[in-house]
Amino acid sequence: MSDRLGELLLEKRRITQTQLEEARAFREANGGDLGAALVQLGFLPAEEMAALRGAQYGVRSIDLSGFEIESAVLELIPADTARKHRIVPLRRSGATLTVVMTDPRDVAALDDVRFRTGCTVEPLVASEAAVAAAIARYYDGGPGAGEADGGGRALDVAVREMEASGGGPDEAQSADVARDVELVAGDEARGQAPAVRLVNVILTLAVQRDVSDIHVEPYERDLRIRFRIDGVLHQVMTPPQRMRDAITSRLKVMASLDIAERRVPQDGRIRIRFRDGSAKKSIDLRVSSLPTLFGEKIVLRLLDHARLVLDMTKLGFEEASLRRFTENIHRPWGMVLVTGPTGSGKTSTLYSSIAGLNSSDTNIVTAEDPVEFNIEGVNQVQIREAIGLSFATVLRALLRQDPNVILVGEIRDVETAEIAVKAALTGHLVLSTLHTNDAPSAVSRLLNMGIEPFLIAGSVNLICAQRLVRRVCGACAAPVAASPASLVEIGFGDDEARMVTPMKGSGCDACNGTGYKGRIGLYEVLEVTDRLRERILAGGTGRGLRAAAIEEGMLTLRRSGLRKIAQGVTSIDEVTRETVR
């Protein structure tokens with residue numbers, strides 16, 4: 001369809017100039033014609049475009065949903081031919097076969113049908129979604145869209161509509177306004193394009209299930225969508241691989257990413273607004289795209305401010321560990337480090353820390369990559385490595401901002417470590433994170449970076465290592481049999497093992513059959529006492545430092561987990577999965 005169509009739609013005010021330019025750019029990047037691009041981008045309903053096609057080529061457009069096609073007519077065109085040409089036989093009258101297709105200009109398709117049937121072919125036109133839905137209904141035994149792991153009817157319907165669209169990229173918003181999206185599903189979403197409805201339903205379902213991450217993963221023959229719930233990935237659905245571009249393009253447009261660039265990773269952000277009962281809520285999503293062998297993998301991290309726990313007493317600290325941690329973050333200077341792998345809850349611990357310090361007489365500044373949550377009263381800076389705004393650069397600038405408390409999102413290199421240590425030694429409280437397996441290993445990590453032992457001993461006040469484990473579901477928790485010998489093997493003492501009754505969830509509706517609901521932290525808090533400072537100055541690291549810290553009262557990650565097993569908070573499997581003796 002020529003660009004004349006675009007000018008005509010502009011004259012009728014059916015699209016804007018911005019939408020037209022975006023559709024042209026999309027056509028250049030993805031091929032096809034302008035009409036298809038306008039539909040795929042969600043700027044025009046598919047039915048309206050079908051009517052325009054019919055009018056342009058003198059072919060009548062129809063609504064296929066009002067017809068019931070006879071099996072004898074369907075047998076005239078094999079399933080593979082129908083799928084190849086996107087064509088459906090509608091009725092036969094004598095030697096004339098009426099077919100419905102998406103592109104009446106497709107002479108090769110008409111000739112193929114004419115050759116196979118020996119009939120004169122009369123073409124009609126319908127939208128790609130309608131034709132694909134008819135093919136799925138009549139040739140495939142139904143428009144199934146893959147697996148659904150408890151996704152519900154709304155998800156199934158959305159997937160069927162999405163597959164019926166033919167798999168083209170299907171965005172509804174231009175990049176300049178896509179950062180803030182009104183999320184609707186169900187009846188309210190009927191006027192939107194199929195991919196928009198599918199993505200809306202996926203996001204709505206993720207919010208309802210308290211999902212932390214959504215993974216959209218393309219493979220050679222299919223597309224897998226998984227939810228991370230309480231730290232564990234669950235497969236939700238596997239739409240056909242041809243739907244890949246539609247879903248990824250929609251998400252990239254929402255996140256203001258470049259849909260034409262598929263060769264390099266991109267990062268963006270979406271704020272979705274939705275109605276939760278009678279109240280309106282908003283959730284931020286951090287979006288990351290990664291080019292893989294068979295397309296772009298998209299991961300969305302859901303950042304729900306309402307779920308952010310800023311009360312340190314609710315994070316899972318044992319009483320003695322919490323007291324040590326609280327005392328050290330209220331010191332006027334020094335460094336507090338939080339360590340652990342990605343997804344272990346370090347950000348929540350740091351945010352809880354500064355929330356407790358946040359007052360009108362304290363200047364708190366942060367350097368984060370990325371800024372996950374906005375905290376009122378805290379000056380937060382987003383790191384932008386691409387323009388030279390690194391942790392080290394921002395940290396130098398922060399020192400000229402008269403800070404009381406400095407939060408450094410992560411100490412990644414020696415330059416950042418040196419500046420942070422000097423800041424801690426010159427009257428500032430510095431909070432930061434490292435990626436280490438346990439608390440004593442943080443000292444070794446700083447030494448390996450090139451920080452002198454006397455600087456570490458003089459600046460570091462406390463190191464907190466942490467993990468997250470799943471809570472046993474309170475609705476279906478039940479005692480499980482465990483021999484005293486097996487409990488001793490994982491770390492309980494002989495006397496403890498005889499008294500402990502582990503709990504485990506049997507699975508119910510409240511926990512989606514997993515036996516777990518929510519997560520809680522395990523904490524290993526190493527307070528740098530005078531004795532430990534002497535060991536660090538003497539070059540002590542590893543096992544020696546760990547043993548000395550335990551003698552000084554440090555509760556290890558495994559011991560923290562054992563206490564929660566004894567309390568019935570978590571299970572043996574969770575603790576042994578996340579900790580070592």
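Predicted model: local features only at pLDDT ≥ 70, side-chain atom pairs only at ≥ 80, totals over all residues.
**Two loop residues**

E318 sits in the loop that runs between β10 (295-303) and α12 (319-329). Its relative accessibility is 8%, so E318 counts as buried. Beyond residues up to four places away in sequence, E318 touches Y523, L555, S560, R563 and K564.

T570 belongs to another part of the chain: the loop between α22 (557-566) and α23 (572-578). T570 is buried because its relative accessible area is 0%, and buried means under 20%. The T570 side chain reaches the backbone oxygen of R470 at 2.7 Å. R470 is also on the contact list of T570, which leaves aside neighbours within four places in sequence.

| Residue | Loop between | Relative accessibility |
|---|---|---|
| E318 | β10 (295-303) and α12 (319-329) | 8% |
| T570 | α22 (557-566) and α23 (572-578) | 0% |

**The cavity**

How many cavities of 30 Å³ or more does the structure hold? There is 1. Two or more lining residues come from each of α10 (194-208), β5 (213-218) and α11 (244-254). The largest share, 3 residues, is from α10. The lining consists of V199, I202, L203, I214, V216, I225, I247, L251 and L300. By class, that makes 9 nonpolar residues, with no polar and no charged ones.

Terms used:
Residues numbered from 1 in each chain as written. Heavy atoms only, no water. Helix = DSSP H or I, 4+ residues; strand = E, 2+ residues; numbered from the N terminus. Buried < 20%, exposed > 50% of the residue type's maximum accessible area, 1.4 Å probe, protein only. Contact = heavy atoms within 4.5 Å. Polar contact = N/O pair within 3.5 Å; in protein donor to acceptor, adjacent residues only side chain to side chain. 1 Å grid on protein atoms, 1.4 Å probe; cavity = no way out; pocket = protein on both sides within 12 Å on 5 of 7 lines; lining within 4 Å. Points joined across faces, edges and corners; volume = space filled by probe spheres on them. Nonpolar A, V, L, I, M, F, W, Y, C, P; charged D, E, K, R; others polar.
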